[in-house]
Amino acid sequence: MKKLDRYGYAFIAPFWVVFLTFSIYPVFLTLYYSFTNYTGSPGEEIVGFANYARLLTDTFFIEAFVNTIKIWGVNFALQIGLALLLALLFSDLRLKLKGLAFFRSFFYLPNLITISSVALLFGILLDWQHGSLNMMLLKLGIISDPINWLSQPVTAQLSVSLILTWMWFGHSFIIVMAGVSGISKDFFEAAHIDGANRWQMFTYVTLPLLKPILLYIMITSLIGGLQLFDLPLLLTDGIGAPDGSLNTMVLYLYNQAFKYNNYGYAAAVAYGLFLITLVFSAVVFKGMFRKERAAQKGA
Amino acid sequence: MRKLVSLLSIGALSVGVLSGCSDSEGGTSGSNSGSKDDVLKVWSFTDELKEPIKTYEERNGVKVELTIVPIADYPTKLKPALESGVGAPDVFTGEIAFLKQWVDAGYWENLSEDPYNVNEIADDYIPYVFDLGKDSDGNVRALSWQTTPGGVYYKRSLAKEVLGTDDPAEIGDMMSSMEGVFEVAEKMKEKGYKMFPDEGAIRWFSQGANPEAWVNENNELVLTEDKINYMDYAKELRDKQYTALAPEWSPSWFEGMSKPIKVKEGGTETETQVFSYVLPTWGLHSVLKDSAKDTAGDWAVTNGPSPYFWGGTWLGVYEGSKNKEAAYDFVKLMTQDEEFLTDWAEETGDVLAFKPVTDKIKDDFSDEFLGGQNNYEFFLGQADEITPGIVTKYDQQLDTLYGASVLQYVEGKKTKDEAIAEFKKQAKNAYPDIQVD
């Protein structure tokens, strides 16, 4: 019996070797670096909490945090709204829309394109002088001068949000759709008999039953969103232009480490980011569940 | 039996997992096996060295293994190898963007010492090129075969029509000061042409007549009067509509080289042509000749208000190499071998930094693309005027940060003072140890 136990360990050993070397070790190495002034070559000195003290007062990091939340927030609202709307249309008993399988993969397609291609594509579409978007708006007479989308903070942030929405609404739609299909038809029929209209059915039946699914989407999207990096890097000059509006937390981390060689400080930024992610996830999780428990008690 | 099967499968699994890792980690580093001494390992970020390596292999009978890592990953891949010495190259190249950092990091062998003593041939090189390979103690760590001074490439047909001449010397005279450049720009505008593709084009002249390093010996940030004036020049270019609003490397920037392009400003759309592009030596071979095939022969190159250089590749011997002699032989071939360098220059048109060769070949050079102009002589003249000793390891990033701030001012989003303040704040943030007033 005991002998067999050891085989088990042997089988999981390869995973652990890799996991410890490539995941756990770097995590602790980063923690160590965050207390040093490491610049990429050996000879670093321990500087205590200096990097963390700087992080707390770093206006660029705070700006990056606000930017990241803004960009993610707009994207998430649109993404989940669109996903819910589509799920509602496709699950409506009276509408009986066809082609769910086709649309499911069709909406998911943008997610399969590599992010650099997406950035290139939208870079051309949003181009100031020669972009298709401006050409179209000019032809329609909506604007008289081309808008330089990526050179103004508001439009640049909005552009990134919308690109993210375009990339991810299909993904959310599939998950929401799965959640909706899991709701027993009996609820809808009962609500229908009771005279509920579509909006009431949505708010009193669909939404409450979808809560765990929505929570899942929100947490995964939030964690992904807080790590927003590649689009801002590729769309403009890589340091957050225009006027720091596309400076996100991970982009800031990347620039501090690999462009300015402040590895020690970048490590502190990484841990700051980790704590923020942790706090946000906890808040979302708690908030969702407390309401649920309250609801259960009430019932 | 069962035991054997389990052991075998564990073995197979671990091999699979571990080889999976080593694959992603060292996919470009080639094989590390075999005795190290008969293979010379060279790392670079372009395939430029393929030809010289062939020559080297033929001459010395030593096998060379070239590893090419794309420029974006080059420093991140190379650094760990150099730090640990595991899988490290014997010879590696460095681009101007990180050259200054690397010469001081001690990765390259000190070439000023025995047995190399390169200081003895210092006079054979273009001064600024030789100087850039020195560390902060003045020891040479890396050499370069090329020099990459810049000029202003313009279209001869437009020059003739608007300025009455297409002679590079005469046009160079007209553009020998910023005021001169703006006069030409105004004339171009009157005829419906645009002087430059975008206002970033003149950033190379932002140093003015008295170039200074971004960071001085006291570790202070230096924002010279000339660099501040550059902000106004850039804004003037934009405000007076002297540019085609085609940012560098954008599709329209390339299009403007050979075709009329459309510009939308002030509620109207006009079709126009771009008169000139500010590019260095390599701009001719890697940019213009590729993207302006239709207008070949209609180009010429001349000077702007001040000499400048853009880019360049240096190479040296890895300090931890076990094969230093062979490694330095390769560096020598690339930077001092008259026979090889003569062939190289004639084949590629690369402007060399090694004077014994350039003195011999510069007089009878001419380029069809430039209407038969001898661009070699022109560039060598420019290279000699470049002030050595003003490049710092901060340049690449500070230039980017400053450029972003200038753009804010050009587009009217910030006042001049705000833009300067923002730049200083950014500079301080990127490099906390620099003194910023």
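The structure is a predicted model, in which local features need pLDDT of at least 70, side-chain atom pairs count only at pLDDT 80 or more, and totals for chains, interfaces and linings use all residues. Residues are numbered from 1 along each chain as its sequence is written, while chains are lettered from A and ligands numbered from 1 in the order in which they are written.

Four strands of chain B form an open sheet with mixed pairing, in the order β2-β1-β3-β9. Strands (E, at least two residues) and helices (H or I, at least four) are DSSP runs, numbered from the N terminus, and two strands pair if DSSP finds at least two bridges between them. Because β2 (63-68) and β9 (313-317) of chain B each have a single partner strand, one side of each is left without a neighbour in the sheet. From one strand to the next, the twist averages 20 degrees; axes are lines fitted to C-alpha atoms, for helices over the stretch in contact, and angles run from 0 to 180 degrees between N-to-C directions.

Helix α12 (residues 324-336) of chain B lies across β1, β3 and β9 of chain B, at about 155 degrees to β9(B). Its buried residues (20 or more other C-beta atoms within 10 Å of their own, with C-beta atoms placed from the backbone) include Tyr328(B), Phe330(B) and Met334(B). The buried residues of α12(B) pack against β1, α2 (50-60), β3, β9 and α13 (338-348) of chain B, where contact means C-beta atoms, placed from the backbone, within 7 Å.

Conventions: Contact = placed C-beta atoms within 7 Å. Buried ≥ 20, exposed ≤ 12 C-beta atoms within 10 Å, placed from the backbone.
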